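Please examine the sequence and structure shown here before reading on.

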Amino acid sequence: MPSSRALRLIAATLLVSCATPVFAKDAKDAAVESTAQSATRQSYDAAFFARYSPRNAYDMLQQVPGFTVQIGQEERGLGQAKSNIVVNGERYASKSTDILTRLGRIPADQVVRIDIVDGATLGIPGLSGQVANIVTKAGGVSGQFEYDARVRPQYAPPSYIGGEVSISGSTSSLEWNASLSNRLGRGGAGGIAGDIITDGAGNVLETRDGVIQYRADRPTLAGSLKWTSPGGTVANLGGNLQYSTSRFTNDEMRHAAGGLDTHRLFNNIDDGHSHEITADIDFAFGPGRLKLIGIDRSDHYAGPATSISSYSDGSPATGSQFDQTRDSGERIARAELRWPMFGGDWELDGEGAFNRYSQVSTLADLDPSGVFVPIPFPEGTGGVTEDRYEVILTHNHTLAKGLTLSIGGGGEYSTLAQSSPGGLVRSFWRPKGSLTLAWKASDKLDMSLKLARTVGQLSFGDFLAGVDLDQNNQNAGNVLLVPQQAWEARIEINRNLGKWGSLTLAPFAQSIEDYIDIVPVPGGESRGNIPHASLVGAEFNTTINFDPIGWKGAKIDAKFTAQKSSFKDPLTGVSRAFSYDNDMHAEANLRWDVPGSNWALGGGFQWNHVQPYVRLYEVGRDYEGPIYTNMFIENKDVFGLTVGVNAFNLTGGKAILDRTVYDGLRDRSPVLFHESRRYGVSNIFNFYVRGSF
C-alpha cells in the first residue's frame, strides 16, 4: 500500500494544480445545454466539447463523462467487434491500426456528435455495455499535426522527433485520409548500489550500479479511402507501412563482496518492418446487406541480444549471444450477411483466417579470444501455421421498450501445424457464442448483462525455445500448446448524474479452461496449459463536474479496478494468482479549463498493485511505481496552436524488482540468491504542439 508520505505528496500535487481562484460568474453549464437524452442514448454534440478546443475526434472522446475506452484483446482473425467505439455505426476493420489512431485523424469540425449507447442496440455482434458512436459529416479538405518531445534529466536520452501529420478530405460520396507518424518509445531507470544480491541467509554477495535504457522509433505511413455509391454501396480501402527500430540496454558495474569488480553490458536489438492492407465492401443483398472483408498483413523482425562481462583483473571477457529472426503473417477473408426477420435483426458471419510464423534462432558463447562460438540450438528454429474457420449466427430483438436481447452462437474449426523439432499437426472444434441483455431502465440509468463463450489467442513463439540473457532464463518451447477457452460474465451499470457527471460499475467473472502459464515440459520449463483457472473482479469509473458548486470548467475523472485470479500451481498444486496480474489499479485526474481564457491545467495520480511472477526455478515481483503523479498546463490558442507541457513522476516512482532464484525446482531446492533492485525512473517532461491547417 502507498506510504503516508506518498499520499501527502499526491494530495499536495492536486492542491497545487487546483490552488487558483474560482470564477463566480460564467455562462450556463455547457454540459447541460449541449447534451441530449433519448430512450436509447446519451448524446454530446460539438458544443459540449467547445471548452476543450479539441483538434480531432479522439480529443473529444477523452472528455465524454464516465466513458472508458476498451480496445479488447487481439485475437486470431478479425472476429466480432471488440472495441467499444464505432464510427457512424460501423466497426473499424483493421488489426495493425487501432480505432484510437483512426479517431486522431478525424478533424473535430467533422464530428457532429458522440452518442453513448448500449452495444446490444447497435446490432453489431460482440458489442455490449457502453459504446461510443462517433457521428461525422463531410467537411472538405483539412489537415492537422502533432509534435511531441520528451526529456528526462536522468537515465534516458531525450527524444525530439515524435508526432504525426495527417490530411483528410470528404464529400458526400468520398472520404480519404493520409498520414505520416512516428510513435516514440523511451524508457530509463538506474541508481548507484540500487541492486543488491544476497544469499539465502541474507549475506550480501554483490552490489550493482546500473542504468537501464529503452529506445524505439516506429515511423508509419498510412492511408484510407471510403466510397459510397448513389445506391448505398460502401467500399473501404486502407493500408499502412511501418518501420521499427528498438534498442534495450542494461549497463552494470557489479561489485562482488571481497571479490573482483565486473562490468556487464546487456544489449538487445530488435529491428523490423510490417505492413497491412484492408479492403471491404458493403452492399444490398436480397432482403438485407452483405459485407465482404479482406485483410493481409505481415511483419519481419530480427536482432541479436548480447551479454558480455569484463573483469577488473584483466581476465578474458565472457558472454553469450542469442540471435533471432521472426517472420509472421495473416490473411483473413470474412463475410457478414445481415437481414430483418421475425421482428428482429439477424447476422450470419463466416470467416477464414490463415496465420503463419517462422523463427530462426542461434545461440553462441564468447571464447577467450573474443569470438562468439555457436552452440547447437535446433529447438529454437521452426515454424507454426494455423488455418481457422468460424461461423456465428446472431439475432437481435427488442423484447420491450428499453429492453434488447442479442444472442449468437456457432463455433470454430482450426488446424495447427508445426515444423519445429517434435512438431505436430492437430485439429480442433470449439464452440463460441454470447448472450447480451440491455435494459434502459430510465433516462439516467441503463444496465447490461453479457454471457460469452470465448476462445483465446496463442503466441506462436511459445511453441519454440527462447533464451532471456538479461535474466538468465530459458523457455524450452511447447509443441502441445492450445488456446485457452473461457466462460465470461459481465454486468455493467451506468448512472447519469446529470450536471454532476456520471458513474459506471462493472463486476465481471471468468471461468477459464487451458489457462496458459509457465509449466514443466521435457527439457525444462515453458509456457503451457493448466486445466482450470478463474478470475473475478469489478471496475468502477466516474466523472465528477464541479460546475454545480461554482468551480466552472473543473472536473475529476477517476477509475478503480480490483480483481482476484486463481489457479493451481503446476509444481506445488497450491492455488495462487496469475503471474504479473495487475490485481488493483486506481487513478484520478483533475482538469480545469479556466473560464474566459485559453488555459487549462490539472494533475493526477495512478497507483498499481501487481502480483508476483512465478517460474519453476524462481519467483519475484517486477513492477513500477507503485505510484506515479503528473501535472500539466496547456494553452489552446498560441497563434492558433495548442501548446502544453506535462510533468510526470513528480513523487519519485521507481522501477522495482524483487526475485528469489533457487538452486533447482523452487519447491524442493535451497535458495541460490535474492535480488532486490530499486532504480530511480526520473522526472519526465513531455512538450507538445498541436495544430490544424
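## Terms and model

A residue is called buried when its relative accessible area is under 20%, exposed when that area is over 50%, and partly exposed in between. The structure under discussion is a predicted model.

R666 and D569 form a salt bridge in which the closest N and O atoms are 2.8 Å apart. The two partners come from distant parts of the chain, 97 residues apart. R666 belongs to the loop between β33 (654-662) and β34 (671-680), while D569 belongs to the loop between β25 (554-568) and β26 (575-576).

Why does D569 count as buried? Its relative accessibility is 4%, and the term buried applies under 20%. R666 also counts as buried, because its relative accessibility is 14%.

## Other salt bridges

The structure holds 47 salt bridges. One of them joins the side chains of R338 and D282, with an N to O distance of 2.8 Å. R338 lies in strand β13 (residues 318-341) and D282 in strand β11 (residues 261-285), so this pair ties together parts that are 56 residues apart in sequence. R338 is partly exposed, at a relative accessible area of 24%, whereas D282 is buried, at 10% relative accessibility.

D667 and R668 form a further salt bridge, and their closest N and O atoms are 2.8 Å apart. Here D667 is partly exposed, with 34% relative accessibility, and R668 is exposed, with 56%. Salt bridges also link residues into a network, whose members are R91, R334, E336, D349, E351, R388, E390, E412, R430 and K432.

## Enclosed space

How many cavities of 30 Å³ or more are counted? The count comes to 5. The second largest cavity contains about 90 Å³ of space. Its lining consists of 13 residues, of which T68, Q70, E492, T504 and N541 are the closest to the centre.

Strands β22 (485-496), β23 (501-521) and β24 (524-545) each supply at least two residues of this lining. The strand that gives the most is β23, with 3 residues. Sorted by class, the lining of the second largest cavity has 7 polar, 3 charged and 3 nonpolar residues.

Conventions: Residues are numbered from 1 along each chain as its sequence is written. This is a predicted model: local features need pLDDT of at least 70, side-chain atom pairs count only at pLDDT 80 or more; totals for chains, interfaces and linings use all residues. Side-chain values use heavy atoms; hydrogens and water are left out. On a 1 Å grid over the protein atoms alone, a cavity is a set of points where a 1.4 Å probe fits but cannot get out, and a pocket is an open set with protein on both sides within 12 Å along at least five of seven lines; lining residues have an atom within 4 Å of a point. Grid points are joined across faces, edges and corners, and a volume is the space filled by probe spheres set on the points. Helices (H or I, at least four residues) and strands (E, at least two) are DSSP runs, numbered from the N terminus. Ala, Val, Leu, Ile, Met, Phe, Trp, Tyr, Cys and Pro count as nonpolar, Asp, Glu, Lys and Arg as charged, and the others, Gly among them, as polar. A salt bridge is a side-chain nitrogen of Lys or Arg within 4 Å of a carboxyl oxygen of Asp or Glu. Buried means under 20% relative accessible area, exposed over 50%, partly exposed in between (1.4 Å probe, protein chains only).
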